[in-house]
Amino acid sequence: MIGQSAIRKEGRAKVLGATQYTADVPVEGLWRGATVRSDVPRGILRGIHFGEGIPWSEFTVVTAADIPGKNRVASIVADQPFLVGIGEEVMHPEQPVVLLAHPDRYLLEAARKAVRLEIEPLPAIFDMEASLRQDELIYGTDNLLKEIRIAKGDPAPIWETAAFVIEGDYRTGAQEQLYLETQAILAFANTDENGLRITIQGSLQCPYYVHGAIAGLFELPADHVRVTALEMGGAFGGKEDYPSLIAGHAALLAWKSGHPVRIVYDREEDMAATTKRHPSRTHIKSAFDANGHLLALDVDFQLDGGAYATMSPVVLSRGTLHAAGVYRCPHVAIHGRALATNTPPPGAFRGFGAPQSLFAIERHMDICAQRMGMDPVELRRRNFLRLGDSMATGQVIREDLDLAGLMDRALVELDYDAKRKRFQTENAASPEVCRGVGFAVFMHGCGFTGSGEAKLASVAGLEALPDGRVSVLAASTEMGQGKHTVFAQVAAEALGLPIELVEVAPSDTSRVPNSGPTVASRSTMVVGKLIQDAAVAFRQGLIQQGLLHEPFTPEAFQAAVRAMLARSGSYKTYAQYHTPPQQKWDDTSYQGDAYPTFTWACYATQVAVDTVTWEVAVEDFVAVQEVGRVINPTLATGQVQGGVAQGIGFGLWEEVRMHNGRMANTQLTNYAIPTLADLPEIRVVFLENPHPAGPGGAKGLGELPMNGPAPALLNAVDFAVGPLRLDEVPMTPERLLDRAEEVARG
Amino acid sequence: MRGFLPAMELQRPASLSEALQMLAAHTGRPFAGGTDLMVVYNAGKLRETRFLDIARLPELQGIRETPEYLDLGALCTFTELLAHPAIHRHFPNLVKSAKATGALAIQNRGTLGGNIANASPAADTPPCLLAYGAELELVSPRGTRVVPYELFHQGYKVMDLAADELVTRIRVPKPSGTSVHYFRKVGTRQAQAIAKLSLALVAQVADGCVANLRIGLGAVAPAPVRACHAEAVLQGQPLANLPVAVALEALLADMSPIDDIRSTAHYRSIVTRNLLAQALRTLSATGN
């Protein structure tokens with residue numbers, strides 16, 4: 001089964017339009033929930049006023065004063081309140097303050113507008129510069145949500161002696177995940193003789209995160225909270241932490257009103273209030289010898305973390321751990337900081353800090369090549385990590401890593417050398433449209449960072465079904481990435497069954513163990529491996545009980561399962577994650593194996609820059625990657641193509657425009673994601689190199705494709721119309737025009 | 001949806017005369033394709049609550065062709081424009097701009113009259129209608145009048161349209177002789193985008209010189225505008241030696257671009273001039 005393009009388990013229902021998303025689920029006696037938000041970036045809440053003309057007695061109104069348990073969303077740092085209470089500080093302009101529920105959605109909306117918040121304003125800060133200068137102290141003693149240092153060797157003496165010392169500044173903007181299905185949660189609250197029980201269903205990536213948040217909010221025992229992830233229309237990290245907040249809101253309304261409550265954000269609310277990719281700025285100082293060998297690297301990496309810590313500590317961690325790129329370097333200093341601002345907190349988004357720091361280093365490498373008069377291909381070739389090399393944290397490359405081979409393959413696929421020559425000649429005549437080619441070489445760490453997986457100690461399992469089939473038990477969720485199918489393939493392979501005999505159980509905390517959150521490119525590799533182990537145990541159990549004899553037919557297997565159930569009532573096997581003994585990590589010194597393994601890639605692209613309008617057209621895109629073994633080629637290709645499309649949007653068009661801490665372009669007419677008309681054919685090549693960490697040799701794939709497009713595109717644009725100061729994404733036509741004028745002005 | 005649907009009232013007049021009476025009695029605002037109104041409603045920003053559904057009025061439908069001009073009903077959808085051979089034959093800029101308007105679903109509902117009377121400075125077809133020298137037929141209970149389209153827009157959402165008047169038909173004269181048609185829209189992306197700016201140019205070539213040149217501009221002024229200053233510089237000039245630099249300078253007087261959510265005043269100013277330069281290169285090439 002592994003290596004075959006099995007058809008999506010849930011694909012038929014989606015194609016036929018039969019899939020029910022959270023907003024579609026029919027619920028008897030349903031009330032709708034809405035959120036009243038602060039409209040100032042910072043201040044003290046002094047009062048809440050309910051306007052005239054609204055039948056308030058029909059409404060359920062929840063404020064912070066109603067909260068029975070802890071008014072903090074369970075997270076890495078529990079600093080974000082579900083609701084701001086009277087006398088408490090409002091930290092950003094989309095902060096939830098009052099919750100309303102009513103059966104009539106139109107009346108609910110009218111009521112939302114009729115609530116007036118009295119907030120005593122405080123001075124606010126909106127960008128990283130102001131936060132670092134501490135124009136206002138808004139968070140802790142230094143406005144730092146998290147600070148990380150990675151040190152290897154000592155760069156200081158190198159700057160004096162190196163043949164080349166080259167510095168650069170780079171910036172990346174916020175980006176909206178733009179899942180097609182907006183955030184949606186359904187909550188039920190029931191009280192029986194044992195007390196209150198809360199049930200949550202919704203569009204959420206991490207059922208056990210929500211489970212923890214609800215248990216804390218109501219101070220309930222774990223078995224009084226049940227969370228189920230329904231089918232999702234995309235997530236991309238945007239439904240990692242924010243659903244905990246919405247689920248808390250919906251649960252509070254359901255509990256107080258006595259009715260099931262559904263909260264569905266419309267696109268504008270979703271864009272304005274929920275998480276985005278962290279904006280970043282990076283300063284890189286690098287030293288090379290006369291032959292272009294990298295001697296020292298000093299990286300100052302900063303993220304705008306918004307008003308609360310949320311996921312910033314771990315996004316910062318991944319960003320800093322990818323900041324040195326795919327290069328061997330004896331002396332490295334990396335300083336990472338996540339800075340507080342009075343803006344809605346950014347959060348997880350495919351790539352999780354890595355697209356930001358990799359943009360900086362991969363753009364920087366091209367600029368260094370320019371400054372040293374070297375070919376960017378050759379400069380990279382001389383500095384690639386290889387077997388036995390150590391990375392910035394001291395992690396030793398233990399795989400037979402061939403980055404030069406990856407790069408060469410991508411360049412051949414693009415016909416890079418011939419195009420370089422041809423475009424150089426053509427561009428010399430200053431045509432209206434100038435063409436360029438560019439590329440980036442990069443990686444992505446698979447699974448949780450550092451000791452994350454060890455702390456999670458995830459569990460997944462298999463369960464016998466009465467008809468002799470098998471069900472996979474895992475909390476991992478299906479958000480369109482194909483987890484149902486891949487899990488079924490992995491189990492089917494290990495059981496020796498056709499995929500039709502393997503079901504995947506709903507991601508329901510009352511039924512499935514905690515296999516961890518559906519994030520960090522970990523589902524296939526980490527959870528898949530657990531499923532594989534549980535499947536082997538499942539099969540062995542049947543054999544040891546004398547119910548199954550190898551070789552067996554699917555019918556014999558089903559008969560054995562039925563016999564097992566007849567004998568013992570139920571039959572389940574589980575496997576739990578254990579860190580491989582050779583993997584060491586120290587959280588305090590940031591030394592050791594940051595990830596069990598990495599995926600590696602080279603993306604190469606051809607662009608056409610229209611110098612009449614400064615629009616950039618992406619004419620060709622080649623994505624070559626090594627992701628261990630590919631489990632489902634069709635799904636994997638789709639993952640890469642989708643990620644590249646998002647990466648192109650990040651690099652060229654998608655701009656979050658902030659005004660006083662608030663997103664100004666919250667509609668699809670003014671936040672431009674690419675359409676098919678904007679995208680070339682995205683050509684995908686997998687070079688397979690099986691890795692023992694994952695099932696059948698698979699590594700994680702989901703995030704990798706996001707990391708490479710932005711620097712590859714800007715490198716190509718620089719070839720077409722440069723050298724220009726192309727140090728920022730999105731490189732919109734407006735910015736590109738400005739950069740061209742800088743050069744024209746001299 | 002942030003609008004309050006229970007407060008909305010949509011009436012459907014049975015005839016043009018009934019529609020005009022209702023309009024005169026301030027019974028509601030005309031609602032044709034609704035492609036812009038529904039977006040504003042969805043955002044909770046639609047002030048009016050009463051509307052007249054004029055989408056089925058027969059007098060405002062259909063495309064009639066005469067030897068001199070095309071007479072387009074105000075309710076012509078972009079899809080209908082795109083399906084008509086005479087539009088393709090005589091008005092290639094209208095084809096381009098209709099194709100560049102919204103998504104297919106929008107093209108199926110959105111109407112030419114709505115595109116005009118909605119008066120968005122960023123609408124795609126108005127610069128083309130300006131460059132083709134279109135005229136509008138306006139009807140009220142007081143009678144019918146015809147106004148040149150170039151005089152219709154008078155400021156941001158300000159039109160030569162009385163409260164009791166409807167835009168009923170749009171007449172576009174067919175260009176004669178050797179004509180050059182140029183239209184380019186610069187949006188945030190290649191499809192389903194609202195214009196950052198657009199430029200339409202139509203000219204005839206007579207004895208190697210520019211004749212009947214008209215330029216329409218989108219999204220660089222409070223309303224779609226004609227580039228009269230640039231036109232004046234170019235009118236009658238020999239194709240072999242067009243005063244391009246002077247025309248580009250003159251174009252500055254024709255626009256008043258702003259910074260907004262979609263682009264910057266600077267970008268709009270530079271790129272509109274770049275488009276005119278490109279259009280003039282096309283024009284010169286055609287003459288040779």
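Good morning. Chain A is divided by the domain assignment into three domains: domain 1 covers 28-122 + 207-236 + 244-258, domain 2 covers 280-448 + 591-745, and domain 3 covers 452-576. Please keep in mind throughout that this is a predicted model.

Let me begin with two of these domains. Taken over C-alpha atoms, the centres of domain 1 of chain A and domain 3 of chain A are separated by 37 Å. Their contact involves 13 residues from domain 1 of chain A and twelve residues from domain 3 of chain A. On the domain 1 side, α5 (207-218) and β11 (225-229) of chain A each contribute at least two residues. What is the make-up of that side by class? The side of domain 1 of chain A that touches domain 3 of chain A consists of seven nonpolar, four polar and two charged residues.

I turn now to the sheets of chain A. One is an open sheet of six strands, in the order β7-β15-β14-β13-β8-β29, and its pairing is mixed. Its edge strands are β7 (144-152) and β29 (728-729) of chain A, each of which pairs on one side only. Strand β7 of chain A is joined to strand β15 (residues 331-340) of chain A by eight bridges, in the antiparallel sense. Within this pair, A:Glu147 has A:Arg337 in β15 of chain A as its bridge partner. A helix also packs on this sheet: α8 (residues 312-321) of chain A touches β7, β14 (294-306) and β15 of chain A, and its direction makes about 25° with that of β7 of chain A.

Another open sheet of chain A has four strands, in the order β16-β24-β25-β28, again with mixed pairing. Which strands are at its edges? They are β16 (433-445) and β28 (682-686) of chain A, and each pairs on one side only. On average, and with direction ignored, neighbouring strands of this sheet are turned by 15° against each other. Strands β24 (residues 598-610) and β25 (residues 615-626) of chain A run antiparallel and are joined by eleven bridges. Here A:Asp610 stands opposite A:Glu615 in β25 of chain A.

Next, a single residue. A:Glu181 is located in the loop between β8 (164-172) and β9 (184-192) of chain A. Is A:Glu181 buried or exposed? A:Glu181 counts as buried, because it has 21 C-beta neighbours inside 10 Å, and 20 or more are required for that class. Leaving aside residues up to four places away in sequence, A:Glu181 touches A:Tyr21, A:Ser203, A:Met232, A:Gly233 and A:Gly234.

In their contact, 23 residues come from domain 2 of chain B and 22 residues from domain 3 of chain B. On the domain 2 side, α5 (92-99), α8 (126-131) and β8 (153-155) of chain B each supply at least two residues. The largest share of that side, five residues, belongs to α8 of chain B. By class, the side of domain 2 of chain B that touches domain 3 of chain B has 14 nonpolar, six polar and three charged residues.

Finally, I come to the contact between the chains. How many residues of chain A are in contact with chain B? There are 21 of them, in contact with 24 residues of chain B. Among the contributors on the chain A side, α2 (105-114) and α20 (733-745) each supply at least two residues. By class, this side of chain A has ten nonpolar, five polar and six charged residues. Thank you for your attention.

Methods
Residues numbered from 1 in each chain as written. Chains lettered and ligands numbered in written order. Predicted model: local features only at pLDDT ≥ 70, side-chain atom pairs only at ≥ 80, totals over all residues. Domains from an automatic or database assignment. Contact = placed C-beta atoms within 7 Å. Nonpolar A, V, L, I, M, F, W, Y, C, P; charged D, E, K, R; others polar. Buried ≥ 20, exposed ≤ 12 C-beta atoms within 10 Å, placed from the backbone. Pairing = 2+ DSSP bridges. Axes fitted to C-alpha atoms, helices over the stretch in contact; angles between N-to-C directions.
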